[in-house]
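The exercises below go through one structure step by step. Try each task before reading its solution.

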Amino acid sequence: MDYVLRKQVSLLIELALSDNKFDLSEKAYLMKFASSRGAKNSEIARMINNPTPTGSLEMLNLTQKIELMLSCGRVVVADGVIEPEEQTFMYEVAKKMGFKKGVVDYLLKNVTSLPEAQLKEGFLEFAGQPG
């Protein structure tokens, strides 16, 4: 697992744990996300069982930031419940990446209903450029 993917998976784990309930659907999404990018299930399981702080996200490019925000939205809605702690965590992540806070509301409203391309297009229009 490369450095960027490790950071992404760590952040998604932190998000899933932010409400103190790591739901099976959240875990399933996380496993699918990481394994589809080449991570081994044993690596992912080790990270889930021994979470570490994500730290800085500055090394991510714009495409990686957008992908990560979309994945955060998918983790939050995976269990069918948007917990306030998860939403607050997403607000903090968006701010760290230089996106407007409102992009989180856009994602949580649309992440399960819009096709990927349309979701990304709307994200860019709604979020503005990070900076």
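**Exercise 1.** Which side chain meets that of Glu-116 in a salt bridge, at 2.4 Å from N to O?

*Solution.* This is a predicted model, in which local features need pLDDT of at least 70, side-chain atom pairs count only at pLDDT 80 or more, and totals for chains, interfaces and linings use all residues. Residues are numbered from 1 along each chain as its sequence is written, and side-chain values use heavy atoms, with hydrogens and water left out.

Step 1. A salt bridge is a side-chain nitrogen of Lys or Arg within 4 Å of a carboxyl oxygen of Asp or Glu. The partner of Glu-116 is Arg-74.

Step 2. Glu-116 belongs to helix α7 and Arg-74 to helix α4, 42 residues apart, and the pair links distant parts of the chain. Helices are DSSP runs (H or I, at least four residues), numbered from the N terminus.

Step 3. Glu-116 also forms a salt bridge with Lys-120, with 3.6 Å between the closest N and O atoms.

**Exercise 2.** Which parts of the chain does the salt bridge between Lys-21 and Glu-83 tie together?

*Solution.* Step 1. The closest N and O atoms of Lys-21 and Glu-83 are 2.8 Å apart.

Step 1. Lys-21 lies in the loop between α1 and α2, and Glu-83 in the loop between α4 and α5, so the bridge ties together parts 62 residues apart in sequence.

Step 2. Glu-83 counts as buried because its relative accessibility is 15%, while Lys-21, at 45%, counts as partly exposed. The classes are buried under 20% relative accessible area, exposed over 50% and partly exposed in between (1.4 Å probe, protein chains only).

**Exercise 3.** Where does Phe-123 lie, and is Phe-123 buried or exposed?

*Solution.* Step 1. Phe-123 is in helix α7, residues 116–127. Its relative accessibility is 0%, so Phe-123 is buried.

Step 1. Phe-123 pairs edge-to-face with Phe-99, at 4.9 Å centre to centre and 80 degrees between the planes. Aromatic rings of Phe, Tyr and Trp (its six-membered ring) pair if their centres lie within 6.5 Å; planes under 30 degrees apart count as stacked, over 60 as edge-to-face and the rest as tilted.

Step 2. Phe-99 lies in the loop between α5 and α6, so this pair ties together parts 24 residues apart in sequence. Phe-99 is also buried, because its relative accessibility is 4%.

Terms used: Helix = DSSP H or I, 4+ residues; strand = E, 2+ residues; numbered from the N terminus.
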